[in-house]
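Okay, thanks for coming, everyone.

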Amino acid sequence: MILVGLTGGIGSGKSTVSTLLADAGAVIIDGDAITRELQQPGEPLLQVIAERFGDDVLDESGALIRQRLADIVFNDVDALKDLNKIVHPAVGKELERRLEEQRSTRNVVILDIPLLAENPRKGLSGTIVVDVPEDIAVSRLVAQRGMREDDARARMANQASREKRLAIADQVIDNSGSLEELQRRVSVVWQWALTLPHVVDDEADSRSDV
């Protein structure tokens, strides 16, 4: 496989880029999607979260109230560290399982990880960073996700800086313009991805947390 890291700050439009790459033929392994799957009612991970943060983070059906959990952890450094200690190992294990299924293929596999700059991963064929100015990201989060501005900025403050993300990029996708402009840029980056070397197993074994 050709293994390409994809990252970007909250509100950057990384999910849109991921969808466009999937449409082009990439296999997507999405760290956020895995996290959501493992936090479904009945999953052991959700039980551990409730034990640490209280049943108040669950609704009447036992589903996670994500905004309530976010309000706790993005305003408390220790709480965020505790959540990461709970979530990251489980997500990392499932991510590696899915990667193993792709290892002997000829696919371009996009490893979609929000915290790639914070937790670098060895063995990637290349890294794509989706980039937008912070104010644009905030306005999109408020308008499109109904997020409070203070919540959006608190989450950004707990992520790597824009400069740190750009420093790890082999390709930067500027998503501050129109959808048509984004599609054109993703098409160029996809052609670049097809030229990358396939992952060597020994390299792929050097892993980091999600």
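So, Asp30 sits in strand β2, residues 27-30. Helices and strands here are DSSP runs, H or I over at least four residues for helices and E over at least two for strands, numbered from the N terminus. Before I go on: this is a predicted model, where local features need pLDDT of at least 70 and side-chain atom pairs count only at pLDDT 80 or more, while totals for chains, interfaces and linings use all residues. Residues are numbered from 1 along each chain as its sequence is written, and side-chain values use heavy atoms, with hydrogens and water left out.

Back to Asp30. A salt bridge needs a side-chain nitrogen of Lys or Arg within 4 Å of a carboxyl oxygen of Asp or Glu. What the Asp30 side chain does reach is backbone: the nitrogen of Asp32 at 2.8 Å, and the nitrogen of Ala33 at 3.2 Å.

Next up, strand β4. All 6 of the 6 residues in β4, 126-131, are buried, so the strand is largely enclosed by the rest of the structure. In a regular strand the side chains alternate between the two faces of the sheet. In β4 both faces are covered, with Gly126, Ile128 and Val130 buried on one side and Thr127, Val129 and Asp131 buried on the other.

And the neighbours? Two strands pair if DSSP finds at least two bridges between them. Strand β1, residues 2-8, pairs with β4 in the parallel sense over 5 bridges, and there Gly8 has Val130 as its bridge partner. Strand β5, residues 171-174, also runs parallel to β4, joined by 4 bridges, with Gln171 of β5 opposite Ile128.

Now the charges. There are 15 salt bridges in the structure. One of them joins Glu37 and Arg98, with the closest N and O atoms 2.6 Å apart. That pair links distant parts of the chain, since Glu37 is in helix α2 (residues 31-38) and Arg98 is in helix α5 (residues 77-102), 61 residues apart. Glu37 is partly exposed at 40% relative accessible area, and Arg98 is partly exposed at 22%.

Another one is Arg153 with Glu134, closest N and O atoms 2.8 Å apart. Arg153 lies in helix α7 (residues 149-157) and Glu134 in helix α6 (residues 134-145), so this pair ties together parts 19 residues apart in sequence.

Then there's Arg148 with Asp150, at 3.1 Å between the closest N and O atoms. Which residues do shared partners join into one salt-bridge network? Glu37, Glu94, Arg97, Arg98 and Glu101.

Last stop, helix α9, residues 179-194, which holds Leu182. Leu182 is buried, at 3% relative accessible area.

Definitions and conventions
Buried < 20%, exposed > 50% of the residue type's maximum accessible area, 1.4 Å probe, protein only. Polar contact = N/O pair within 3.5 Å; in protein donor to acceptor, adjacent residues only side chain to side chain.
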